[in-house]
Amino acid sequence: MKKINLGIILSLALVLSLSSCRQLSTSSKVLINEVMMDNQTNATDEYGAHSAWIELFVKYYGPIDVAGYEIEVEPKGEPAVRYIIPKGDVITKVQPRQHIVFWADGQPNRGTLHTNFSLNPEKYTTIRLYNSNKDLIDQVEIQGGTLKADQAYGRIDPNATELGAENWEVKDSSDGNPNTYVTPGSANRVLDQNAKQENFARQDPTGIGMALTAMTVVFSCLLLLFVAFKLVGKFSIRMAQRNAIAAKGGNPDTADMKAATKKENQTPGEVFAAIAMALHEEMEDVHDVEEMVITMNMEDQQPAASPWGSKSLMMRHTPIRRR
């Protein structure tokens, strides 16, 4: 019995240990984008203070609320400190492909964007990001002494899935390179060209291909709509005929349905004859010409006298004076 209990305990411990392992997801929707550990003359917070900061980037093409996410900082040789992003503040809802900056000043009482830890540029530091499910979704390791004052450690390409230092670079605004500017709250690199647009311009310089493609798509959609409406119309007519035959006591699946369909599809010859005669009279000018003279014979049909037809009957009669 003791061996069985021991086996159960060991199995549970193994399951818990495996479930506690956090595998870093490279397809995370929120990433650590840029870190500054020693801020001397760079951005200031809402209090006008120069503090270290950590920038997160929403890689997803939809708004994400980072409330409940956790930022963990672990200097080498010191215990890790986690900051849980508070809930209930609208500022934590980040728009698609946008950034949010958290100030690592160790003063969380200053607001939602102020963490409970600070950063030491002289120590080897690991920064981790956890989602609201406590899953590790991103991390970055910064060597001690790598970053000087006002230098940042930023991602080269936020869409890359590689992990490690090869996807990061030191950013310094004093070197004159526009791609290595320290940019809190914005993209790390300025995109001055669009590869897809340039490739399309090379393949179709006059725009004829784009015009033909657009017209083909439009006319194809119209053709599909025509076929759909045509089929729906025929189906509706057929169902109406079946219901009419069934209401009269006939069998829609027998010759009654065929006769009704044939009758529906045939136009009587009298209709065509009437149309032909009307067109012939109009085109050949052989129709009767009337003088449009109206003769009213009141002798044959004399209406009864009434106030509606004689105004004299509507007048009050003068009383007869008797002597």
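1. In this predicted model, the protein chain exposes about 23,300 Å² of surface, and carbon and sulfur atoms supply 58% of that area. Of the 323 residues in the chain, 26% are buried.

2. The secondary structure of the protein chain consists of five helices and eleven strands.

3. Five of the strands form an open sheet, in the order β7-β2-β1-β10-β11, and their pairing is antiparallel. Strands β7 (99-104) and β11 (168-171) each have a single partner strand and stand at the edges, so one side of each is left without a neighbour in the sheet. From one strand to the next, the twist averages 30°.

4. Within this sheet, strand β1 (residues 30-36) pairs with strand β10 (residues 152-155) in the antiparallel sense, over three bridges. On the β10 side, A152 is the bridge partner of M36.

5. A nonpolar patch on the surface deserves a separate remark: I208, L212, M215, V218, F219, L222, L225 and F229 form this patch, and together they have about 840 Å² of accessible area. One of these residues, V218, lies in helix α3, which spans residues 208-247. V218 has a relative accessible area of 46% and is therefore classed as partly exposed, since that class lies between the limit for buried, under 20%, and the limit for exposed, over 50%. Patch members need over 30% relative accessible area, and the 46% of V218 can be read against that cut-off.

Notes: Residues are numbered from 1 along each chain as its sequence is written. This is a predicted model: local features need pLDDT of at least 70, side-chain atom pairs count only at pLDDT 80 or more; totals for chains, interfaces and linings use all residues. Side-chain values use heavy atoms; hydrogens and water are left out. Patches are made of residues with over 30% relative accessible area and no salt bridge: like charges are joined within 9 Å, nonpolar side chains (Val, Leu, Ile, Met, Phe, Trp, Tyr) within 5 Å. Accessible areas come from the Shrake-Rupley method with a 1.4 Å probe; for residues, only the protein chains shown count as cover. A salt bridge is a side-chain nitrogen of Lys or Arg within 4 Å of a carboxyl oxygen of Asp or Glu. Helices (H or I, at least four residues) and strands (E, at least two) are DSSP runs, numbered from the N terminus. Buried means under 20% relative accessible area, exposed over 50%, partly exposed in between (1.4 Å probe, protein chains only). Two strands pair if DSSP finds at least two bridges between them. Axes are lines fitted to C-alpha atoms, for helices over the stretch in contact, and angles run from 0 to 180 degrees between N-to-C directions.
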